[in-house]
Amino acid sequence: MKKIAKSAILLLVMGMILILLTGCGGDKLVATKTTDDDEMFGKYEEKIEVSFKSDKVDKVKMTLKFEDSEKAESAYSMFNFATSMLEEEEKDGFKVKQDGKNINVEMSSEVYKDQEYLDDEDITKEAMKKSLEEQGYKVK
């Protein structure tokens with residue numbers, strides 16, 4: 001009986017670890033890419049995290065890491081300009097912050113759909129994965 005209890009506890013612990021490591025069913029995509037834009041920003045790293053609810057985009061977080069803070073400041077200014085062009089109701093769903101050489105952008109699903117001109121069928125997990133891969137991102 002003790003052996004069965006030990007086995008059950010071990011299986012439960014292993015199951016919990018597996019769930020934690022896979023993100024509770026994998027309702028998230030993480031995409032990375034290095035971009036080299038000689039004209040404006042130089043070389044920078046991009047990381048996009050897309051969270052899903054019911055197989056539709058829920059939230060998009062993007063982190064851009066630049067080689068220097070001046071280029072990050074230029075990108076931050078462009079994002080702020082883009083924010084000023086949004087409708088008032090969209091501004092709550094679009095947040096941009098600069099932290100030294102990093103720019104962090106968060107978008108709600110509605111803002112993301114509007115900015116990218118997407119329909120509901122374009123924001124499923126499989127469609128997003130395919131789109132990001134076609135754009136040269138490594139997707140996990």
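**View 1. Strand β1 meets strand β6 in this predicted model.** Start with β1, which covers residues 28–37. Strands β1 and β6 run antiparallel, and 2 bridges join them. To find your place, look for Ala31, which stands opposite Val139 in β6.

**View 2. The open sheet has 6 strands.** Follow the strands across in the order β4-β5-β3-β2-β1-β6, and you will see that the pairing is antiparallel. The edges are formed by β4 (94–99) and β6 (138–139), and each of these strands pairs on one side only. As a reminder, strands of a sheet pair through backbone hydrogen bonds, either parallel or antiparallel.

**View 3. Helix α4 lies across strands β3, β4 and β5.** This helix takes in residues 109–116.

**View 4. Thr83 sits in helix α2.** The helix covers residues 69–84. Is Thr83 buried or exposed? Its relative accessible area is 17%, so Thr83 counts as buried, the cut-off being under 20%. Leaving aside residues up to four places away in sequence, Thr83 touches Lys91, Phe94 and Val96.

View 5. The mean pLDDT of the chain is 81, and 81% of its residues reach 70 or more. Over residues 18–25 pLDDT stays under 50, and here the model has 2 contacts beyond four places in sequence.

Conventions. Residues numbered from 1 in each chain as written. Predicted model: local features only at pLDDT ≥ 70, side-chain atom pairs only at ≥ 80, totals over all residues. Heavy atoms only, no water. Helix = DSSP H or I, 4+ residues; strand = E, 2+ residues; numbered from the N terminus. Buried < 20%, exposed > 50% of the residue type's maximum accessible area, 1.4 Å probe, protein only. Contact = heavy atoms within 4.5 Å. Pairing = 2+ DSSP bridges. Axes fitted to C-alpha atoms, helices over the stretch in contact; angles between N-to-C directions. pLDDT = per-residue confidence, 0-100.
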